[in-house]
Amino acid sequence: MAKKSENGHALNAAETGGNTRTGTSAASLKQAILDNLCYVQARLPELATKNDWYMAVAYTVRDRMLERFIRSLKGLWNPKVKFACYLSAEFLMGPHLGNNLLNLGITAQMRSAVKELGFELDDLLRQEEEPGLGNGGLGRLAACYMDSLASLNVPAIGYGIRYEFGIFDQEIHDGWQTEKTDKWLRLGNPWEIPRPENSYYVNFGGRTEGYYDEQGRFRVRWVPFRVVKGIACDTPVQSYRDDMVALLRLWKSEAVESFDFQAFNVGDYYQAVSEKVISETVSKVLYPNDEPEIGKTLRLAQQYFFVSCSLQDMIHIHLLRGLRLESFHESFAVQLNDTHPSIAVAELMRLFVDEHGMDWDKAWKITQKTMAYTNHTLLPEALEKWSLPLFSRSLPRHLEIIYEINRRFLDEVRLRYPGDDGRVARLSIIDESGEKYVRMAHLASVGSHRINGVAALHSDLLTKTVLKDLYEIYPDRFVNVTNGVTPRRWIALSNPGLTELLTGKIGDRWIKHFEDEIRKIEPLADDSAFREEWGRIKRGNKSRLATIIRDRTGVEVDPDSLFDIQVKRIHEYKRQHLNVLHIIALYNRIRKDPGQDIVPRTFIFGGKAAPGYFMAKLIIKLINAAAEVVNNDRDVAGRLKVVFFPDFNVKSAHNVYPAADLSEQISTAGKEASGTGNMKFSMNGALTIGTLDGANVEIREEVGPENFFLFGLTAEEVQDLRMKGYSPRSYYESNAQLKAAIDQIGSGHFSRGDAQLFRPLVDNLLDHDPFMLLADYQSYIDCQDRVSSAYRDQDRWVRMSVLNVARMGKFSSDRSIREYCEHIWKIKPVKGK
């Protein structure tokens, strides 16, 4: 049927700019939007909502991605191609539309097309819901890696869970965090391609029984209590200006039989659908509260569910390609993103041995060659472990397999270290020091051929602390791959002003070759005209964020003030409350001498606290309580403002990172594995105030010590102080400024006279202070004074800002993925454009 123009005339191929299904001219895109509005959304333009128009635009973009996906898939079916399979409980992808337009290179054409239809593209971009598939740095790292895998032409599949609801939407009421259901799918998801025929069965509970097969070999059969079906839901991940499209395959849980007709007929309506309700719970919500036992059971079920579906899928693909299971490790490199997917070691063994009849020794060699494990924490309490009774009830066959893995492993340990029972106990996958637990980090380490940390300091500390014994027995397995972030989303998409300036000076190769190209702007740091334009762009970004802050919180902030920003998950070790102590110190200085000349600052916080983490939620309350007092004190008006930005996510991050002057990376040294927010801030020209923790160490090395505001104890000094006996109260007693701030918090000055509200926080700091805020306090205050002094010299500040961006090439996720390919996966990219 011939296409029609708005006045009813038929449009030929020349007028639409080519095929309206795949063409990229503005005319072709416009016609495709109208087609999708009609044939997919079933809407008249006159009755279409903004969401209808957004969906039509999204389907138009997806069509162009799928054309490339099918093209690339043909080449990937070659049996010699090896896939990187990234297993992660989170994929914090962020909004898709803008990123896909950027990567396809059709943003300008789409802007023109929607303009002709009476809309602004930015309004439709704001319409998109943030996918509720992740929470923090772990999920965002996975998303950056998917972007880089695609853009480097590495065959890749990201495997995870298709959560129906995200972790929660955060609202602030009377200064407290409240959690609301994140109904991110309520208006549909145009990027998702359901694959109901691509499904696998996953067992839970029950018992095991032994039997002999037809060849007389002893085998084990798992007789489950419940079986759940996993349905594949695919999302294409577009490469930057290339044909490669990576695949994000997420699993949705369903009942094997969703409706019991017999129960319904006898009037038991709940029983008729109970199996559906129970089965769908598995993929219902990201990170269910695991304080109660039932929450722990669900968390373990989620992890096993997506791991089992993913490994069954890989085996299915492998066999479809006409290959034997003995070569499985030559087709797939499986990366375990933290301990959440570490049950994969036992599950792959179960699939090989129980389902495919493979010999144990052969199966173990293939499993180890396939698996690699990324550790993301130095906190012993964050290394996941499951109580033996819970594990046995949920996964009885896997516990038997883990016992056998552990028996063989500990035999090896005893041979190497005869008589060292302490070492055997520490290395055992089963923790028997009290209540018995399965140590998932041990399982992942024993079952993998590579173990990597995510920053040079983190990887070094891993071998000296939480994985020390494993390092001593398997030193060759340990490598470092410092995290990275994609410059495509975090500069090219989120900071269009800076992108235009950079491209105008050095061309656009930096977007895909950031590591090699971005350094070319370094000489421009001495160009006064360039610095002036740089400052103008930063001022524009700050004005944009100031408007958003006013609309979201009602707080008016001054774009000419120093934007001092700390946005990250709320946790005691990340020390948001140290930042608050600095705010109170400045507040007290002004109250003592209202005429004092202080650099105006806007303090911006953002981040979510885990629903069951009381102290983190109390820190949010403290931030808002300080804001209430500071923002309403006439003596500080125009000089200090404090804002808590609610429900911080990828969508809001697009506006926050480009607007920052100062990036707060102030965790206790030796506690943060890497961090990636520090990289996003620096890539957008913010200067960092931070400790020698995580990737801060390498950022400082790259940008230069003179362009980084360093304070605080080193990881070694933290450990030494703790060993000698840390007394936080002595710091409190000997520092009048610190004592005044803590006394104000404890007396009710920031809580409307309620002296009990912040008592748990104050007592914790004075009696324990596990993350050494008080030890680092004075160093932090002195460093912040240096920040203020530097900011007064705007010419110097902007020069430092330019050098930060110029020297951030190392922190592209493209570099990280190249290192994974070379040192861990042994994968070569396929040929691209």
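1. Helix α12, spanning residues 344–355, lies across β3, β12 (332–337) and β13 (371–374). Its direction makes an angle of about 165 degrees with β13. The model is a predicted one.

2. Strands β3 and β12 belong to an open sheet of 9 strands with mixed pairing, in the order β7-β10-β11-β4-β3-β12-β13-β17-β18. The edges are held by β7 (193–204) and β18 (478–480); each has a single partner strand, so one side of each is left without a neighbour in the sheet. From one strand to the next, the twist averages 25 degrees.

3. Within this sheet, β3 (residues 83–87) and β4 (residues 156–161) pair in the parallel sense over 4 bridges. Cys 85 has Ile 157 of β4 as its bridge partner.

4. Arg 241, in the loop between β10 (226–238) and β11 (245–255), has a positive phi near 55 degrees. Arg 575, in the loop between β19 (562–567) and α24, has a positive phi near 60 degrees.

5. In α32 (residues 759–767), the buried residues are Leu 761, Val 762, Asn 764, Leu 765 and Leu 766. Just after this helix, Asp 769 adopts a positive phi of about 45 degrees.

Notes:
Residues numbered from 1 in each chain as written. Predicted model: local features only at pLDDT ≥ 70, side-chain atom pairs only at ≥ 80, totals over all residues. Heavy atoms only, no water. Buried < 20%, exposed > 50% of the residue type's maximum accessible area, 1.4 Å probe, protein only. Helix = DSSP H or I, 4+ residues; strand = E, 2+ residues; numbered from the N terminus. Pairing = 2+ DSSP bridges. Axes fitted to C-alpha atoms, helices over the stretch in contact; angles between N-to-C directions. Contact = heavy atoms within 4.5 Å.
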